[in-house]
Amino acid sequence: MQQFFYIYVLQSEVDYKFYTGYTSNLKLRLEQHNKGQVPSTKARQPLHLIYFEGCLHQQDATKREKYLKTHYGKMYIKKRLKSYLTG
């Protein structure tokens, strides 16, 4: 069975900011974020999964993650989630 790598975007209920990352186990990673086991999001709990993409190769996932962390990548996410973010 093919392993997938996921790029994900979380939104904090504390400051409503986004956090972008990648993982091979999306469910476990979300649990780690919400249990305070990830230093970069520890003070921003609870976090909600608002977007994810799947890739077949880790290299593709890391490239996509890096892109989504750029100015243009953040604009892409905001445009893609426009109806979600505006209610």
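Could you take me through the pair of strands β1 and β2 and tell me in which sense they pair?

Analyst: Happy to! Keep in mind that this is a predicted model. Let's start with the two strands themselves. Strand β1 covers residues 5–12, and strand β2 covers residues 18–23. They pair in the antiparallel sense, with 6 bridges between them. To see the pairing at a particular spot, find Gln11: this residue stands opposite Phe18 in β2.

Now follow the chain through the turn. There are 5 residues between β1 and β2, and the two strands form a hairpin. Look for Tyr16 in that turn, where phi is positive, at about 60 degrees.

Next, let's step back to the whole chain. Counting from the N terminus, the order of elements is β-β-α-β-α-α-α, which gives 4 helices and 3 strands. The radius of gyration is 13 Å, close to the 12 Å from the globule rule for 87 residues, so the chain is as compact as a globular protein of that length. Along the principal axes, its C-alpha atoms fill a box of roughly 35 × 30 × 20 Å.

What about the inside and the surface? Of the 87 residues, 32% are buried. Among contacts with a separation of 6 or more, 55% link residues 24 or more positions apart. The chain exposes about 6100 Å², and carbon and sulfur atoms supply 54% of that area. Finally, there are 15 positive and 6 negative side chains, and the centres of these two sets lie 4 Å apart.

Methods. Residues are numbered from 1 along each chain as its sequence is written. This is a predicted model: local features need pLDDT of at least 70, side-chain atom pairs count only at pLDDT 80 or more; totals for chains, interfaces and linings use all residues. Side-chain values use heavy atoms; hydrogens and water are left out. The radius of gyration is taken over C-alpha atoms; the globule rule is 2.2 Å times the number of residues to the power 0.38. Buried means under 20% relative accessible area, exposed over 50%, partly exposed in between (1.4 Å probe, protein chains only). Contact means heavy atoms within 4.5 Å. Accessible areas come from the Shrake-Rupley method with a 1.4 Å probe; for residues, only the protein chains shown count as cover. Lys and Arg count as positive and Asp and Glu as negative; His and the chain ends are not counted. The place of a charge is taken as NZ of Lys, CZ of Arg, CG of Asp or CD of Glu. Two strands pair if DSSP finds at least two bridges between them.
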